[in-house]
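The exercises below are meant to be worked with the sequence and the coordinates side by side. Please try each task before reading its solution.

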Amino acid sequence: FSVQRCARCHLGISASEMVMRARDSVYHLSCFTCTTCNKTLTTGDHFGMKDNLVYCRVHFETLIQGERRASAALLQWHRHGAEREAAEEEEPGDGNRHRLLQL
């Protein structure tokens, strides 16, 4: 059998050791921490994962909000480019911009 390795520190985990599990990953209790602030996360804490990294609730929500803003800005930029190319074909106030930016 193979030794389980901690997803954070990559050291081995003994069979008798208490661990935290998230998705398909296993962590030492001391390694199950927020990637941003290093807060130790315990049973009952809310957390999020992105790209196999663990975040406390606050930093995960901040990360997601930042991605949403960036996505909205990118979609808006693409929309403005399309408006310049097809300005004659669109009716003002058709609401497409709002639908496009809704995530």
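Does F47 count as buried, partly exposed or exposed? At 35% relative accessibility, F47 counts as partly exposed, where buried means under 20% relative accessible area, exposed over 50%, and partly exposed in between, computed with a 1.4 Å probe on protein chains only. The model is predicted, and for that reason local features need pLDDT of at least 70 and side-chain atom pairs count only at pLDDT 80 or more, while totals for chains, interfaces and linings use all residues. Residues are numbered from 1 along each chain as its sequence is written, and side-chain values use heavy atoms, with hydrogens and water left out.

**Exercise 1. Describe the overall make-up of the protein chain.**

Step one is to list the secondary structure, which comes to two helices and six strands; helices (H or I, at least four residues) and strands (E, at least two) are DSSP runs, numbered from the N terminus. Step two is to read along the sequence, where the pattern is β-β-β-β-β-β-α-α. Step three concerns burial: of the 103 residues of the protein chain, 21% count as buried. Step four turns to contacts, meaning heavy atoms within 4.5 Å: among those with a separation of 6 or more, 17% come from residues 24 or more positions apart.

**Exercise 2. Work out how strand β4 is placed and which way its residues point.**

Begin with the partner strand: β3 (residues 19–22) and β4 run antiparallel and are joined by four bridges, two strands being paired if DSSP finds at least two bridges between them. Within this pairing, R21 stands opposite V26 of β4. The hairpin of β3 and β4 has two residues between the strands, and R23 in this hairpin takes a positive phi near 55°. Next, take the side chains of β4, where S25 and Y27 point one way, V26 and H28 point the other way, and all are buried. Finally, look at S25, which lies in β4 (residues 25–28) and counts as buried because its relative accessibility is 15%. Leaving aside residues up to four places away in sequence, S25 touches A7 and M20.

**Exercise 3. Find the aromatic pairs and say what they connect.**

A pair of aromatic rings is described by the distance of the centres and the angle of the planes. The rule is that rings of Phe, Tyr and Trp (its six-membered ring) pair if their centres lie within 6.5 Å, with planes under 30 degrees apart counted as stacked, over 60 as edge-to-face and the rest as tilted. By this rule there are two aromatic pairs. In one, the rings of Y27 and F32 have centres 5.1 Å apart and planes at 65°, so the pair is edge-to-face. In the other, the rings of F32 and F47 have centres 5.1 Å apart and planes at 85°, so this pair is edge-to-face. Taken together, the ring pairs link Y27, F32 and F47 into a cluster. As for burial, Y27 and F32 are both buried, and the relative accessibility of F32 is 1%.
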